[in-house]
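Have the model open beside the text and take the points one by one.

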Amino acid sequence: MVDQSPKSPVRLIERSPSITGAEIVAELVPPPQFEHASFESYRPDLDYPSQLAAVERLNSFAAWRARPGGFFSRSRRTKAELPGVYLDGGFGVGKTHLLAALWHGAPGPKYFGTFIEYTALVGALGYADTVVQLTGAKLICIDEFELDDPGDTMLMTRLLGELIASGTRVAATSNTPPNSLGEGRFAAADFLREIQAMSANFETVRIDGLDYRRRDASGHAQTVLPEELDRMSTALAARGNRVSVDDFGTLMRHLSTVHPSKYIKMIAELDVIALRNVYLLTDQTDALRLVAFIDRVYDAEIPIIASGVALHDVFDAEMMQGGYRKKYQRSQSRMVALTTGELPPHAD
């Protein structure tokens, strides 16, 4: 039994949650920080006109009416007739905010989730039951659309094909234009037909700008000394905060035993996460697990205290030059935000 007392830190490695298809479906809503996102609350950087243009385009896309023709229809559509819109831009330019604003304005049924959550749903329910569950949705929003392997390419192409053919509209975000998905990650030429079929149904809306998370920050993840980490985590827990403290290496090994779709339950109800002895990662599988974990921590808005290597330096040089570099860059941005943000108000 995991110690749930707020008077002492807990350990993430003692949490191995299970998750059902019904629980995944229930969580297919925008993360807490975008619970009230709207086009009006989006704050565009006026130095980048594409941000205001994206708001205008999404307002136009939000004319909720079914489009004729299926996902793989051979008939040529104009841009206004495309059933999908794809927000392409760098990190921290507000893509997820705009995606959530679109979702909030849509009639139901509707779903909002990350790419990994939709693939996890198929894993939990099976493909046929997932199609049944999602069929009839007015809108499917997919955040962080990244194709990491050919199996996911085939799965999501087929799934979206069936949903759009039934009248569902799709909106997605990514740091990679849809016709470049898979590039540098696997033999994209083998799946070019599927990737092109998918991208042909999306209008790409480019959003330029600076990462808002770094506008007022140094751009570096903060670290503390090991003894300071222990002091801070103990003090935070004593004041009623729910704190987890784990050795980074031990946590990485534990994450390999838990499906990424369950990470959100691992960190449930935590106020602070402390990571001891962070070190440079040289294994890409470990790095991608960390990216998925950080995504969930960021969505839950849980600050991180870390000792050892600064988290933004955790990916080695080869990774930062490879096909997953945009994923790592996004994660770096989020780790900077998580380690430089404010701790809970009843902390020192």
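1. Strands β2 and β3 run parallel and are joined by five bridges. One place to look is G113, whose bridge partner in β3 is I142. Please keep in mind throughout that this is a predicted model.

2. Now follow I142 across to the next strand. In β4, the residue opposite I142 is A172. Between β3 and β4 there are four bridges, and the pairing is again in the parallel sense.

3. Stepping back, these strands belong to an open sheet of five, with parallel pairing and the order β2-β3-β4-β1-β5. Which strands form the edges? They are β2 and β5, each of which pairs on one side only. From one strand to the next, the twist averages 15°. Helix α4, residues 115-125, packs on this sheet and touches β2 and β3. The direction of α4 makes about 105° with that of β2.

4. The buried ones are K95, T96, H97, L98, L99, A100, A101, L102 and W103. What do they pack against? Their partners are helix α2 (49-61) and the strands β1 (84-89), β2 (110-114), β3 (139-143), β4 (169-174) and β5 (202-207).

5. P109 lies in the loop between them, and the peptide bond from G108 to P109 is cis, with omega near -5°. K110 lies over the face of W103, at 4.4 Å from the ring centre.

6. Next come the nonpolar cores. The largest has 36 residues, and those with the most contacts inside it are I267, I273, L290, F293, I304 and F315. At least two residues of this core come from each of α9 (248-255), α10 (263-266), β7, α11, β8, α12 and α13. Helix α11 gives the most, with eight residues. If you select L290, you can see it touch F248, M252, L281, V314 and F315, leaving aside residues up to four places away in sequence. Another core, of 28 residues, lies apart from this one and has V131, I142, M156 and A172 among its members. I142 and A172 are the residues that stand opposite each other in the sheet.

7. How many aromatic pairs does the structure hold? There are seven. One of them, F315 with Y328, is stacked, at 4.5 Å centre to centre and 25° between the planes. This pair links distant parts of the chain: F315 is in the loop between β8 and α12 (317-320), while Y328 is in helix α13 (residues 325-340), 13 residues apart. Both F315 and Y328 are buried. Y328 also pairs with Y324; their ring centres are 6.5 Å apart and their planes are at 55°, so this pair is tilted. Y324 is buried as well. Elsewhere, ring pairs link Y86, F115, F145 and F202 into a cluster.

8. N277, in strand β7 (residues 272-278), has a positive phi of about 55° although it is not a glycine. The other residue is E301, also not a glycine, with a positive phi of about 60°. E301 lies in the loop between α11 (284-300) and β8 (304-308). How accessible are they? N277 is partly exposed, with a relative accessible area of 41%, and E301 counts as partly exposed at 48% relative accessibility.

Note on methods
Residues numbered from 1 in each chain as written. Predicted model: local features only at pLDDT ≥ 70, side-chain atom pairs only at ≥ 80, totals over all residues. Heavy atoms only, no water. Buried < 20%, exposed > 50% of the residue type's maximum accessible area, 1.4 Å probe, protein only. Contact = heavy atoms within 4.5 Å. Pairing = 2+ DSSP bridges. Phe/Tyr/Trp six-rings, centres within 6.5 Å; stacked < 30°, edge-to-face > 60°. Lys NZ or Arg CZ within 6 Å of the ring centre and 35° of its normal. Core = buried A, V, L, I, M, F, W, Y, C linked by side-chain atoms within 4.5 Å. Axes fitted to C-alpha atoms, helices over the stretch in contact; angles between N-to-C directions.
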